[in-house]
Every structure is written in structure tokens, then in C-alpha cells.
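Here are a few friendly notes to read alongside the model. Take them in order, with the structure open beside you.

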Amino acid sequence: MKIINKKSLATVVGLACIFLAISINSALSANQQRTPPPKAAPQYPVVSVTQTLPVTHHASVTAYGVVKSRNQLALTSQVSGRITMLSNKFLTGNTFKKGEVLAEVEPIVYQQALANAQVNLANAELALAQEELNSSQAAQEWQQSGLANEQASDLVLRKPQLAAAKAQFVMASKALAKAEYDLTQTKLVAPFDALVVSKEVQVGSNVQAGNTVAELYDISLFEVSLPLSQQQWQLLPKGSSEQNALSKIKIKLTDETSHEQWQARFDRFEQHIDSASRQRSLVVSIEDPIALSNPLFPGSFVKATIEGEAIENLWKLPASSLIDNQTIWQVNEEGLLAHLAVKVLFSQGNAVYVQPTEALTQALIVNRPLSSYLVNMKVEANVEELL
């Protein structure tokens, strides 16, 4: 018998193990080729949507305007002369009560004119009395002349002379009134509770009648003219009387820079359409605005929020859902994107209130549409409330 040594036996065993490993790997590879791998499920873009429900909401109309004093006056001098006195308060930014004196024109010329007018009136009154006496005597003399049955001329009875004396008296009376008026006008007074916006004179300035002395704003009442479109007018309360319906609305003014707010009230509405903007204005007012704890100053640019009437069957959507002013994306029942036409009624904060043009009660509306979206594109809707 042939004897195999240990070294040869180890070599044979190693070769056998290698051959066995190669056979197993070949078998596994063949099996993998015969069994195809499972296919991955298709992936669709996930879009954030809002589930709409019909709601009833008070319409809110937003408009912008500039705060103005209702009465803005260029105060002018009614007489000519030199300014001899200015009030210590007569500076821009200060206020005056109605009737307070701002400045005075030198009065000496007007005092003399008043004295002359008083003299002329006294002379005219004397002349009238004398002519009335003369006219009476002329009538008596005519009666005593034996010609009473004949018609006497007006000149004989001194009727023209009496009429002239009466006219002179009336003229002298009017001249006195004018002299008294001119003298009072040497004191320039505030015609209403006023804010001094500009000052045009100094002590020693010479003014002529009609020269501007100061620019004054009435501080008792400010107003804001708010241009509204036809669609916005339709959102406001309606009634048998438009004036009565609008008088009950709530109006809030906001300074978008300082975030201060004021309550205003309806004052009136314009009954003409502006030729430039093609809009009609609603005018609101604020009483004693400078005296408020947070003063409202003329020239402020404010946003007005006006409460409208209650409207039913609205959709409340995030403002970001709008593609344009009349179109949004919806995800239909098949999970496909589709355009939907809507009518935007008003906005409030980050929300818009719309009505669909189709007879829909609810829908899945895309919150943040992308420019890559296409009609009938398959998507996966994820309901997310953004408001």
C-alpha cells in the first residue's frame, strides 16, 4: 500500500475547499440571475394643501390715504401797514385757540380814519336834520302861498335835497363801519383752533392787504379721503339709505411704520368718480386728533381697515396660494393638479377670502404653487393649515 504524507494530504484538502467555494458562488449567481429584484414604488411630488370649507365672514376693505385738516387756511392781512407785535407763541408747531391774537399791524392810520369817519357821520347827520327841517318849511310855505291846489315841483318842496342828505348820511354810516372794521383787522386773530404750519412775517415787516401772514390748520377735525374701487364699494353695508348704512361701520386707521392705531368715523362719501384713478372716495374723520394720547398728525399716511357686510360661502386661503388675482391650483380627486378660477373679494393679514367661479363647496388648494407645476401633473397632497 502506498503511504501519503501529511503535506500532500493538506494540499489536497485545500484544493477541495477552494473548488467547493467556487461551486457555491456559481450556484448563487445563477440563482440571482433567475430571480429579478422587486421594483420600487413610484414617487410623486408632495404638495402642501389647504382643505377648504365654506365660511361666513364680515368683509374687510383696506384703503390708504393721507391725513389732512378739514380747514387749511392761508391767513392774509386785510389791511396794509407795519407789523408791530407778534405773539410769543407765533411759531411753527404751536397752537392757538380761536380768537387769540397772532400779530398786530400798526393801528395809528386806521384810528385816524375812524375819527374822520365819525366826524363825517356827525356832519351828515346834522345836514340831514337841517334838510328835513327845510323840506318841512318848504311844504308849509307852499300851502300858505295860495297855490295849494296846483302841483308843486319836487325842487320847490326840496325833495331832491332831502334825498341827497339821506344818501350822504347812509354813505357816512357805511364809511364809519368800514373804518371800524379796518381798525379791528389790525389785529390778526386765529379764526379757529389752529396749528401754525408756516410763519411769513416778523416784527417790522411791511404787509399789504392780501399778503399771506401764516399757514394755519384747523386742529379740531382731521379727515382722510379713501379712494375705493367699485368692487370695494360692493363689500360695504347696504341699506335703504347708503348714508345711514355707512354711518354704522367701524373704521380703524393704522400707521404701518409705527403701528399706532386710531378709531375714525364715517363722515361722508364723494358723489363723483375721480378722472385719474376712476375711483370714488369715502371720507372719514377724527375729532381733536392732536389731543389724543397717541396724537395723529396731518400729513400722516395711514391704512384704513373698514368693516364690511357679512358674506356667505367664502373660502379662506393663504395669500401665497394665488397664482394671480383670479387663479389657484387645486388637487382633484385623482391626485392631479388643475387650475381653478376664483374671485378674490378681500384680504386680511396673510389670508385671502375668495369665491370659486365653479359650483364647489370644498377642495384641496395648493398652499405654495411652484412655477414647475403642470396641469394633470400627479402629486401627493399633504393637508397643512398655514393660517
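1. Strands (E, at least two residues) and helices (H or I, at least four residues) are DSSP runs, numbered from the N terminus.

2. A word on the source: this is a predicted model, in which local features need pLDDT of at least 70, side-chain atom pairs count only at pLDDT 80 or more, and totals for chains, interfaces and linings use all residues. Residues are numbered from 1 along each chain as its sequence is written, and side-chain values use heavy atoms, with hydrogens and water left out.

3. How do E4 and E9 pair? They run in the antiparallel sense, over two bridges. Two strands count as paired if DSSP finds at least two bridges between them.

4. Strand E4 (residues 81-86) also pairs with strand E6 (residues 101-105), antiparallel and over three bridges. Ile83 has Val105 as its bridge partner in E6, while Met85 stands opposite Glu104 in E6.

5. Now the whole sheet: four strands form an open sheet with antiparallel pairing, in the order E7-E6-E4-E9. Its edge strands, E7 (187-189) and E9 (206-207), each pair on one side only. In general, strands of a sheet pair through backbone hydrogen bonds.

6. Finally, please look at Ala113, which lies in helix H2 (residues 108-144). The C-alpha atoms of Ala113 and Asp182 are separated by 9.0 Å, with the two residues 69 residues apart along the chain.
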